[in-house]
Amino acid sequence: MLLKYTVQNKAEAGTYALPFQVTEQEIVLSTLIIPASEAEGRIVIEVSLAWENPLLNWDIGELDIRLRRNDEQGPVLDWLQDSCYQEGFSELSYEETAQQAEPHVYCLTVQSADRRAVVTGPLMMRGSVYVDQMDDNPDEQ
């Protein structure tokens with residue numbers, strides 16, 4: 001498989017809105033768009049994020065991570081529930097095959113019951129498109 005296209009959103013610890021207190025309400029952390037011109041092939045979405053438990057009483061921190069199609073109301077493509085006592089590092093990977101040249105939008109959301117998670121960073125969301133072979137001259141048949 002050959003890498004055809006890649007796009008990445010990344011936030012280091014202490015930059016942008018990090019650290020970010022996760023609440024009971026599901027909220028968007030990042031959105032990734034793979035344009036129609038690049039979307040045919042095997043799409044791989046990779047997510048990683050560092051987080052910590054803000055509670056000092058040694059109760060377990062909990063973080064729900066969801067990858068959705070289009071926006072925060074879209075269908076769930078993949079989901080991970082993670083827990084930790086102090087600090088955690090979560091990774092999620094999703095793959096699909098795109099047959100049509102249309103934009104693909106992926107939305108990363110987080111949620112935590114009782115506010116038991118703070119996203120500290122780094123946070124990374126990467127989308128890559130792989131093909132069997134590159135078409136050097138698509139107009140020639």
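**The nonpolar core and its surroundings**

Tutor: The largest nonpolar core has 27 residues, and those with the most contacts inside it are Ile45, Leu49, Leu63, Leu67, Tyr106 and Met125. The structure is a predicted model, and the description below should be read accordingly. Two or more residues of this core come from each of strand 3, strand 4, strand 5, strand 6, strand 7, strand 8 and strand 9. In general terms, nonpolar side chains tend to be buried together in soluble globular proteins.

Setting aside neighbours within four places in sequence, Leu63 is in contact with Val22, Leu49, Trp51, Leu80, Gln81, Asp82, Val110, Gln111 and Ala117. One of these partners, Leu49, is also listed with Leu63 among the residues that have the most contacts inside the core.

An open sheet is formed by four strands in the order 3-8-5-6, with antiparallel pairing. Strand 3 (27-34) and strand 6 (76-84) stand at the edges; each has a single partner strand, so one side of each is left without a neighbour in the sheet. From one strand to the next, the twist averages 15°. Within this order, strand 5 (residues 61-69) and strand 8 (residues 104-111) pair in the antiparallel sense over six bridges. Ile65 has Val110 as its bridge partner in strand 8, and Val110 is also among the contacts of Leu63.

Two cysteines may be considered here. Cys84 is buried, with a relative accessible area of 8%, and Cys107 is likewise buried, with a value of 1%. A disulfide is a covalent bond between the sulfur atoms of two cysteines. The structure holds zero disulfides.

Side chains of opposite charge can pair when their charged atoms come close. Nine salt bridges are found in the structure. One of them joins the side chains of Arg66 and Glu26, at 3.8 Å from N to O. Arg66 lies in strand 5, whereas Glu26 lies in the loop between strand 2 (20-22) and strand 3, so the pair ties together parts that are 40 residues apart in sequence. Arg66 has a relative accessible area of 14% and is therefore buried, the limit being under 20%.

Glu96 is buried, at a relative accessible area of 13%. Salt bridges that share partners also join Glu26, Asp64, Arg66 and Arg68 into one network.

The side chains of Arg116 and Asp59 meet at 2.9 Å, N to O. Arg116 is in the loop between strand 8 and strand 9 (117-131), and Asp59 is in the loop between strand 4 (41-52) and strand 5, so the two linked parts are 57 residues apart. Arg116 counts as buried, at 15% relative accessibility, whereas Asp59 is partly exposed, with a relative accessible area of 30%.

Most residues other than glycine have a negative phi, and most peptide bonds are trans. Asp114 has a positive phi, near 60°, and is placed in the loop between strand 8 and strand 9. Arg115, in that loop too, has a positive phi near 55°. Arg115 is partly exposed, with a relative accessible area of 41%.

Finally, two cis peptide bonds deserve mention. One joins Leu18 and Pro19, with omega about 0°; Pro19 lies in the loop between strand 1 (2-11) and strand 2. Another joins Gly121 and Pro122, with omega about 5°. Pro122 is found in strand 9, and strand 9 is one of the elements that give two or more residues to the core.

Technical notes
Residues are numbered from 1 along each chain as its sequence is written. This is a predicted model: local features need pLDDT of at least 70, side-chain atom pairs count only at pLDDT 80 or more; totals for chains, interfaces and linings use all residues. Side-chain values use heavy atoms; hydrogens and water are left out. Two strands pair if DSSP finds at least two bridges between them. Axes are lines fitted to C-alpha atoms, for helices over the stretch in contact, and angles run from 0 to 180 degrees between N-to-C directions. A salt bridge is a side-chain nitrogen of Lys or Arg within 4 Å of a carboxyl oxygen of Asp or Glu. Buried means under 20% relative accessible area, exposed over 50%, partly exposed in between (1.4 Å probe, protein chains only). A disulfide is a pair of cysteine sulfur atoms within 2.5 Å. A nonpolar core is a set of buried Ala, Val, Leu, Ile, Met, Phe, Trp, Tyr and Cys residues joined through side-chain atoms within 4.5 Å. Contact means heavy atoms within 4.5 Å.
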